[in-house]
Amino acid sequence: MKPKPRINIIMWGFMGSRLTSSTRCMSTSTKALSRFGWWDRVSPAAKDPITGVTEAFLADTNPHKINLGVGAYRDDEGKPVVLQCVRNAEAKIAGCDFMESNATAVGSKLVEESAKLAYGKDANVVKEGAFAGLQALSGTGACRLFAEFQRRFHPESPIYFPDPTWSNHPNIWRDAQVPVRTFQYYHPVSKGLNFAALMDDIKNAPDASFFLLHPCAHNPTGVDPTVEQWREISYQFKEKSHFPFFDVAYQGFASGDLDMDAQAIRIFLEDGHLIGCAQSFAKNMGLYGHRVGCLSVLCADAKQAVAVKSQLQQIARAMYSNPPIHGLLLVSTILSDPETKALWVKEVKVMANRIQQMRSTLRESLEKLASPLNWEHITNQVGMFCFSGLTADQVDRLVREFHIYLTRDGRMSMAGVTTSNVSYLANAIHEVTRYNREASNVC
């Protein structure tokens, strides 16, 4: 009699109520494979400094805990906000018989409206189609797309980041195998911009280098150049043929005005630069979980833009194929519908104003405590973050003694400061800084 195929015997071994010799054979074989040690050299990755703060906060059961780590907006009760413009957009798209064939058209509308938001509604580059644009997985995805694009077509060119910058920027470009450099930006004594050193580094960088710039509400410092300083930076970029890549994560949060917060980009545009731009709608539309963003690259003409876009599409296709559709519909609706966009503009102003008010209240509270330190930088800085000047040891004390969570470089998300917790926060900061002025970075 012809023996049964081995595969059937093995299957019977799994289906039977007892462990058969065939099953034992398979188990032994699996153990032999496991001894090869495919992943033996894999060790735990270092925790991201920002997500690590949130994890620690969530694990804390103290009722007075404060999370100043997350870079997303919170209302005066410390809760995430669904903007009314988003609710209105939801209502507009509800019940729509959306077909996959419409995805390209909706994505194109998002790209066009995003470009107007960055470069200006009447910008020639938008009217003439002299830019390559693609919907991306929020600002992080837009940065990653550009990093890969840079690697493919300028593999030897490094990118320069401001020191400091968002902690994920180096990760993104390193993963794309792009050489990473830094340029001086922040002055730890003045808590402001180290403009002279910044200009020196731009001048001394090799010609035709890539630079990442924050056009407004710099993360993590909250320190932005003035309009005149941006003009000088643009001029020096022109002299050195540098390429400016703007990461626009917080448009609207610096001044409360979307156009004013795009001034830096438009200065470079007026000066004739080709520009790269990563935009995120996670913060200024409160859509963090939807991962909606846009990458745009200005080109010499419309023909060049077609070629560049085709390359970006090819990169995106291999990475994630197509982004999710729901967030795309929301953002596209908000940007393209005049009434909904006008409401969004007002709500951005409300969010920015609340953060500015919390800056003023925190500074006033510290000064009322007769702190020996200078806290002017709290109100001089702008946007979501305050670079407090607290040392790592002082931050550790805030966590350990007061259950206040922030990154160890002293970055505080002002969106986490509320009317009900600002006094507690001020008292805690005063307590950890009052006796060791020498050790603190606060003047």
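At what angle do the axes of helix H13 and helix H14 cross? Select residues 326–336 for H13 and 338–368 for H14: the axes come within 5 Å and cross at roughly 95°. That makes H13 roughly perpendicular to H14 (the label covers 65 to 115 degrees).

Before going on, this is a predicted model, where local features need pLDDT of at least 70, side-chain atom pairs count only at pLDDT 80 or more, and totals for chains, interfaces and linings use all residues. Residues are numbered from 1 along each chain as its sequence is written, and side-chain values use heavy atoms, leaving out hydrogens and water.

H13 brings Thr333, Ile334, Leu335 and Ser336, while H14 brings Pro338, Thr340, Lys341 and Trp344.

H4 and H14 pack at about 160°, with their axes 8 Å apart, so H4 is roughly antiparallel to H14 (over 145 degrees). Look for Gln84, Cys85, Asn88 and Lys92 on H4, against Thr340, Leu343, Trp344 and Glu347 on H14.

Next, pick Trp344, Leu362 and Ile404: they have the most contacts inside the largest nonpolar core, which has 57 residues. Such a core is a set of buried (under 20% relative accessible area, 1.4 Å probe, protein chains only) Ala, Val, Leu, Ile, Met, Phe, Trp, Tyr and Cys residues joined through side-chain atoms within 4.5 Å. H14 gives the most to this core, with seven residues.

Terms used: Axes are lines fitted to C-alpha atoms, for helices over the stretch in contact, and angles run from 0 to 180 degrees between N-to-C directions. Helices (H or I, at least four residues) and strands (E, at least two) are DSSP runs, numbered from the N terminus. Angles under 35 degrees count as roughly parallel, over 145 as roughly antiparallel, 65 to 115 as roughly perpendicular and the rest as oblique. Contact means heavy atoms within 4.5 Å. Buried means under 20% relative accessible area, exposed over 50%, partly exposed in between (1.4 Å probe, protein chains only).
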